[in-house]
Amino acid sequence: MGLFDRFRRAGSRRGSGGNDPAADLAYLREWAAQRAGVEAFIEPKTTVTEVTVVLVAGDGEWTRRRAGGDSGARRLSDRLQIPVYDVQKVGYPQRMRDYDARRRIERERAARRELEDR
């Protein structure tokens, strides 16, 4: 067992659970169908990840999955009939950051309540 094998195995279980493009597509289709005002943001390939797509709903809720490259992300947005943007050009929408901030506040409040209830 190599020094980093433990991390490699643990990391492969995150997200959609492996390298299954069909499962990623099915998840993204379902996610988008259940929310209003969804837009797609293409994230570039990095040294750690492949090209990914972030779907952001109208209320700021978001999800991220592999996209099958830039062309795969654009095909996905065509199939879902949603706008697609290059995150390097337009950045992430403010509503996404606002959603994360609200979630952080909710988690902190829940943790305080839990401590108070003990």
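Contact, as the word is used in these legends, means heavy atoms within 4.5 Å.

**Figure 1. Overall fold of the predicted model.** Among the contacts in the protein with a separation of 6 or more, 57% are accounted for by residues 24 or more positions apart. This is a predicted model, in which local features need pLDDT of at least 70 and side-chain atom pairs count only at pLDDT 80 or more, while totals for chains, interfaces and linings use all residues. Residues are numbered from 1 along each chain as its sequence is written, and side-chain values use heavy atoms, with hydrogens and water left out. The secondary structure comes to five helices and four strands, where helices (H or I, at least four residues) and strands (E, at least two) are DSSP runs numbered from the N terminus. Read from the N terminus on, the elements follow the order α-α-β-β-β-α-β-α-α. Of the 118 residues in the protein, 26% are buried, a class defined as under 20% relative accessible area, with exposed meaning over 50% and partly exposed in between (1.4 Å probe, protein chains only). The protein exposes about 8400 Å², of which carbon and sulfur atoms supply 50%; accessible areas come from the Shrake-Rupley method with a 1.4 Å probe, and for residues only the protein chains shown count as cover.

**Figure 2. The nonpolar cores.** A nonpolar core is a set of buried Ala, Val, Leu, Ile, Met, Phe, Trp, Tyr and Cys residues joined through side-chain atoms within 4.5 Å. The largest such core has 15 residues, of which Val38, Val53, Leu55, Leu80 and Ile82 touch the most other members. Two or more residues of this core are given by each of helix 2, strand 1 (39-43), strand 2 (52-56) and helix 3 (69-80). Apart from it lies another core, of five residues, including Val54, Val56, Val87 and Met96. When residues up to four places away in sequence are not counted, Val38 touches Trp31, Ala32, Leu55, Val56, Ala57, Ile82 and Pro83.

Figure 3. Asp24 has its place in helix 2 (residues 21-33) and is buried, with a relative accessible area of 2%. The side chain of Asp24 makes a polar contact with the side chain of Arg66 at 2.7 Å; such a contact is a pair of N or O atoms within 3.5 Å, where within protein one must be able to donate a hydrogen and the other to accept it, and where residues adjacent in sequence count only if both atoms are side-chain atoms. Asp20, which lies in the loop between helix 1 (5-12) and helix 2, is partly exposed at a relative accessible area of 39%. Asp20 and Arg66 are 46 residues apart in sequence, and their C-alpha to C-alpha distance in space is 9.3 Å.

Figure 4. Thr52 lies in strand 2 and is buried, with a relative accessible area of 7%. Its side chain makes a polar contact with the side chain of Glu43 at 2.5 Å. Leaving out residues up to four places away in sequence, Thr52 touches Phe41, Ile42, Glu43, Arg64, Arg65, Arg66 and Ala67. The charged end of Arg65 sits over the ring of Tyr27, 3.9 Å from its centre, under the criterion that NZ of Lys or CZ of Arg is within 6 Å of the ring centre and within 35 degrees of the ring normal.

Figure 5. Ser77 is found in helix 3 and is buried, with a relative accessible area of 3%. Not counting residues up to four places away in sequence, Ser77 touches Ala40, Ile82 and Val84. Ser77 and Phe41 are 36 residues apart in sequence and 9.5 Å apart in space, C-alpha to C-alpha. Gln81, in the loop between helix 3 and strand 4 (84-86), is exposed, with a relative accessible area of 72%, and has a positive phi of about 55° although it is not a glycine.

**Figure 6. Glu61 between strand 2 and strand 3.** Glu61 is placed in the loop between strand 2 and strand 3 (62-66) and is partly exposed, with a relative accessible area of 21%. The side chain of Glu61 makes a polar contact with the side chain of Arg35 at 3.0 Å. With residues up to four places away in sequence not counted, Glu61 touches Trp31, Arg35, Leu55, Val56 and Tyr99. Glu61 and Asp100 are 39 residues apart in sequence and 7.9 Å apart in space, C-alpha to C-alpha.
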